[in-house]
Amino acid sequence: MNLKNNYKFLDYSKPLLKGYKVCLVAPGPSLNKTIQWLEENHNKVIIVSLGAAVRRLARSNIVADIITSVDPYTVVLTQFENLDEKFYKNSIFLCASNTHP
């Protein structure tokens, strides 16, 4: 399907994030403990966020650079409902092939 539609694949032979600091963000109690650090440093790191954490980041006016999702259920859509599109329109989405549209 990807080849037929000419979707681009990541080229793993080149270091994509060499020289950058990356912060992986997931929902849960630890996010509440580190949100202040993210508020102060979000412009200094590449933020990779699970879809379920995007809404919490948005409450602190933080935009994820990369958003991941692997959930095949429609509940995924609620992660972005009624959310200002500025919090994801320029983000890269890395999704599993079975993620709900």
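Start at serine 60, in the loop between helix 2 and strand 3. Is serine 60 buried or exposed? Serine 60 counts as buried, at 14% relative accessibility. The cut-offs: buried is under 20% relative accessible area, exposed is over 50%, and partly exposed is in between, with a 1.4 Å probe and protein chains only. Leaving out residues up to four places away in sequence, serine 60 touches Ile35 and Glu39. Contact means heavy atoms within 4.5 Å.

Some ground rules. This is a predicted model, where local features need pLDDT of at least 70, side-chain atom pairs count only at pLDDT 80 or more, and totals for chains, interfaces and linings use all residues. Residues are numbered from 1 along each chain as its sequence is written, and side-chain values use heavy atoms, with hydrogens and water left out.

Now confidence. pLDDT is the predictor's confidence in each residue, from 0 to 100. The protein averages 81, and 78% of the residues score at least 70. Where pLDDT is low, the predicted coordinates should not be read in detail.

Next, the layout. There are two helices and four strands. Along the sequence they follow β-α-β-α-β-β. The four strands form an open sheet in the order 1-2-3-4, with parallel pairing. Strands 1 and 4 stand at the edges with a single partner strand each, so one side of each has no neighbour in the sheet. Neighbouring strands are turned by 20° against each other on average, direction ignored. For that angle, axes are lines fitted to C-alpha atoms, for helices over the stretch in contact, and angles run from 0 to 180 degrees between N-to-C directions.

Now the pairings. Two strands pair if DSSP finds at least two bridges between them. Strand 2, residues 46-50, pairs with strand 3, residues 66-69, over three bridges. There, valine 48 stands opposite isoleucine 66. Strand 3 also pairs with strand 4, residues 92-95, over four bridges. Isoleucine 67 has phenylalanine 93 as its bridge partner. Threonine 68 has leucine 94.

On to the core. A nonpolar core is a set of buried Ala, Val, Leu, Ile, Met, Phe, Trp, Tyr and Cys residues joined through side-chain atoms within 4.5 Å. Which residues of the largest one touch the most other members? Out of 17 residues, Val25, Leu38, Ile47 and Leu57 do. Strand 1, helix 1 and helix 2 are the elements that give two or more residues to this core. Beyond four places in sequence, isoleucine 47 has contacts including Cys23, Val25, Leu38, Leu57 and Ile66. Across the protein's 101 residues, 30% count as buried.

Last stop: valine 75, in the loop between strand 3 and strand 4. Valine 75 is partly exposed, with a relative accessible area of 44%. Alanine 52 is 23 residues from valine 75 in sequence, and 10.0 Å away in space, C-alpha to C-alpha.
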